Amino acid sequence: MNKYGKWFIVLIICLMQKVYAQSWEPVMPMNATVNINDLCFLNDGLHGWAVGSTSAGGEVYSVILRTVDGSNWSSIAFSDSNITGLTGVCFVNENIGWIVGSNGRIYKTTDGGNSWVAQASPTTRNLSKVHFIDSQHGWACGGWGDNTAYLVIRTTNGGTTWQNLSFGNTAYSCDDIYFVDSLNGWICGYDNTINGHIHRTTDGGLTWTRQTIPAGVGQVAAIDFPTVNKGWATTSSIYANPAGAILYTTDGGENWAIQGYTNLDYNNCLDCQDTMRIAISASQVLTPSSARVVVSTNGGNNWSSYSHLFNNYSMGIQYVGNNIWVTSNASQIIKSTNNGANWQWNYNAAGWKAIAWRDSSNGYLITGTDYGNDGYCLRSTDAGNNWFYDPNTPGGTKIQFKGLNYGWILKEGNSSGVYRTTNGGATWVYNSIGSSAWIGSIFFATQDSGWACGSNGTLRFTSNGGASWSSQSLGTSYYVSAVYFIDSQRGWACGGYGGDNGFIYYTSNGGATWNPQTPAQPDHFQVAYFVNQNLGILGSYNARVHRTTDGGTTWTVVQSLPHYTITDIIMKDTLNGWLLAHNYWGSSPGDDGRGFIYKTTDGGTSWIQSYVTPRIRSFLNDIAHHYGDVFWTCGYHSINLRYNPWTGISQQDLRRENRVQFQAVPNPFSRRTSIRFSLSHPASVEISIFNALGNRVNEIANKTMPSGTHEFIWNGRDWNGFSCANGLYFCVIRVDDYVETQKLILMK
């Protein structure tokens, strides 16, 4: 028996025993999604450490990661993770290392990071980087627009005591620091005129001399010297043209020349393995977004540019042998084993953007595009019990399936497109949406009819599954946030701008014409969900819930939630549903970016809070119906939650008045079978057909039904209308919380 059959037997046992619970539970570790600010590897290429942090609402959360094999990373416990934002790390051997961060805090480990001891710091200003040449001699730098002195501190006894060697009165920041020995070192960053600076010391940091650099290159973001004379530095500026000048010196910095350009705006990190091998991580976040690693293996005489796996700011890089590691602002670490030519994921604490189920077994988690990752997907083939990285499935921000075979993934942006599969995810084909406007959402009503929407009132339509797109007109220039169709003809579009100017449009002819509807108040609508042609629910940026029971002829504000925005709504039937919301992410108290889950049991009239995410900046982005009463949601910090009502409550707690006795006639059958049952009072009813592998092949009913006798027909076909193969099937009927199952035999 294969794993699908085993899973299905477990499912049927749970259904027959009627064992239930009602709670959200994580199914994967919640690895923190932070900005990884620095990276340090020993020369063996095996032992490495990375540090990062995020902040919101006056709170901070930091992470320390460690690898001992150069490939597998794990989080290290850090007792001050909620008070110190970590920005720099340096190790001199497998055991001894330091980390630095906000408010001048410094920590030391002598056991490889298993435990950390705070050291007395001579400053309360924020530190950015730390550098040690041995177990005794080290320096740290920092400051960011908070004073006029260039912030430098030094220790000569392993950090037992530190001296404040800050100097001058024209500083904006000191972003990086590097020493080749106990005397010769350099710092770089911005000055108070927002021009780049490099300073050198030849006496261990007691005195510093500013060095002359080429004009107009911008901030000097990173610096490294493999010898006392030869060194490289990177520059960052959105105004410099060409962008990303690479600076080079052969005389310790007396003279700096431009050796090349990365041609991208931000070049926050570089590493010189020696005088021949240099690697720079470059990125550009403004449209068109791009990121790459620029590498030289001949001392900078030639530079090769290699694209990699994410489009985001990168803050750490390390070059050891043929291996290069790069970190990003999204808790991502990638690795190349051939000097940058090819890349693989080394670590990913994803901010999941969307989740979808192709059937009861096959699930997809994706992240991408605006979050800085254009190609990361986790898949499950066992109903979500286990997830694995799938390099053949693209990342993105929206994912949707229609039946077993047809699915779409949105690559959002100003040059947006849709990846489409027609074979259940075996292969994906990319097609441009054909708009220069920002496209942020898609919706497919059938395997052929779909819509894409975004900025400037843009609405695009496809009638061939996404192969080609044409424009539809709503008559607005505001942002179109969401489209929802109940079939190929009837649908709604909504949006707004800046929390206001909200609009709702309705079509009954597939979008050929759209008619405006009058909202209860013009909030900027963010999400839409319609159960049927009458019952619809909208969520807005100011977290108000709007509801209609007449298809949008009239709308009512039914509830205002104490959050910044509503990110998703889903209804299981006309009574039961879920809503996602989150707080604003900012610096003020309460602006912590936490996510919330709300539940309704009265058709969306009222919503009760059901779950709060545990960390700051833990937005929840998407919620998906799996099967029966099982739902999944995902978000930042690798959050992947499941609501599974089939575990944890005793059998006697589930006694219901509706004790369903149902039968399928005829059985065995060749063309169709009639599924008959009776209800003693109105109830929520779901009828699904599963094959012997545990895959749900069709859904016969999913709605609230009145008391009395009912009959449904299954014609032996799957979701897409194709004939099912001969064999054993299971009809599973759920009435409220009561579940029964019956074998069906299809014989053509």
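**Figure 1. Accessible surface and charge of the predicted protein chain.** The protein chain exposes about 27,800 Å², of which carbon and sulfur atoms supply 46%; accessible areas come from the Shrake-Rupley method with a 1.4 Å probe, and for residues only the protein chains shown count as cover. The protein chain carries 44 positive and 48 negative side chains, and the centres of these two sets lie 9 Å apart. Lys and Arg count as positive and Asp and Glu as negative, while His and the chain ends are not counted; the place of a charge is NZ of Lys, CZ of Arg, CG of Asp or CD of Glu. This is a predicted model, in which local features need pLDDT of at least 70 and side-chain atom pairs count only at pLDDT 80 or more, whereas totals for chains, interfaces and linings use all residues. Residues are numbered from 1 along each chain as its sequence is written, and side-chain values use heavy atoms, with hydrogens and water left out.

**Figure 2. Overall fold of the protein chain.** The protein chain contains 1 helix and 63 strands; helices (H or I, at least four residues) and strands (E, at least two) are DSSP runs numbered from the N terminus. Its radius of gyration is 29 Å, close to the 27 Å that the globule rule gives for 748 residues, so the chain is as compact as a globular protein of that length. The radius of gyration is taken over C-alpha atoms, and the globule rule is 2.2 Å times the number of residues to the power 0.38. The C-alpha trace spans about 95 × 55 × 45 Å along its principal axes. Of the 748 residues, 60% are buried (buried means under 20% relative accessible area, exposed over 50%, and partly exposed in between, with a 1.4 Å probe and protein chains only). Among contacts with a separation of 6 or more, 47% join residues 24 or more positions apart (contact means heavy atoms within 4.5 Å).

**Figure 3. Nonpolar cores.** The largest nonpolar core holds 51 residues, of which W24, I566 and L579 touch the most other members. A nonpolar core is a set of buried Ala, Val, Leu, Ile, Met, Phe, Trp, Tyr and Cys residues joined through side-chain atoms within 4.5 Å. Beyond four places in sequence, L579 touches V545, L561, I566, D568, I569, F596, I597, Y598 and W607. In soluble globular proteins, nonpolar side chains tend to be buried together.

Figure 4. N37 is part of strand β2 (residues 35–41) and, at 11% relative accessibility, counts as buried. Sequence neighbours up to four places away aside, N37 touches V51, G52, S53, L86, T87, K129 and M315. D191 belongs to the loop between β15 (185–190) and β16 (196–201), and its relative accessibility of 6% makes D191 buried. With residues up to four places away not counted, D191 touches Y150, T170, A171, Y172, H197 and R210. The C-alpha atoms of D191 and A149 are separated by 9.7 Å, although these residues are 42 residues apart along the chain.

Figure 5. N263, a residue other than glycine, has a positive phi near 65 degrees. N263 lies in the loop between β21 (257–261) and β22 (266–272) and is partly exposed at 48% relative accessibility. A543, also not a glycine, has a positive phi of about 65 degrees. A543 occupies the loop between β47 (536–540) and β48 (544–548) and is buried, with a relative accessible area of 0%.

Figure 6. The peptide bond from V665 to P666 is cis, with omega near -5 degrees. P666 is found in the loop between β57 (663–665) and β58 (673–679). P668 lies in the loop between β57 and β58, and the peptide bond from N667 to P668 is cis, with omega near 5 degrees.

Figure 7. D629 lies in the loop between β54 (620–627) and β55 (630–635) and is buried, with a relative accessible area of 8%. The C-alpha atoms of D629 and D736, which are 107 residues apart along the chain, are separated by 9.6 Å. E699 belongs to strand β60 (residues 696–705) and is partly exposed, with a relative accessible area of 25%. Leaving aside neighbours within four places in sequence, E699 contacts E686, I687, S688 and W719. A C-alpha separation of 9.7 Å is found between E699 and V732, 33 residues apart along the chain.
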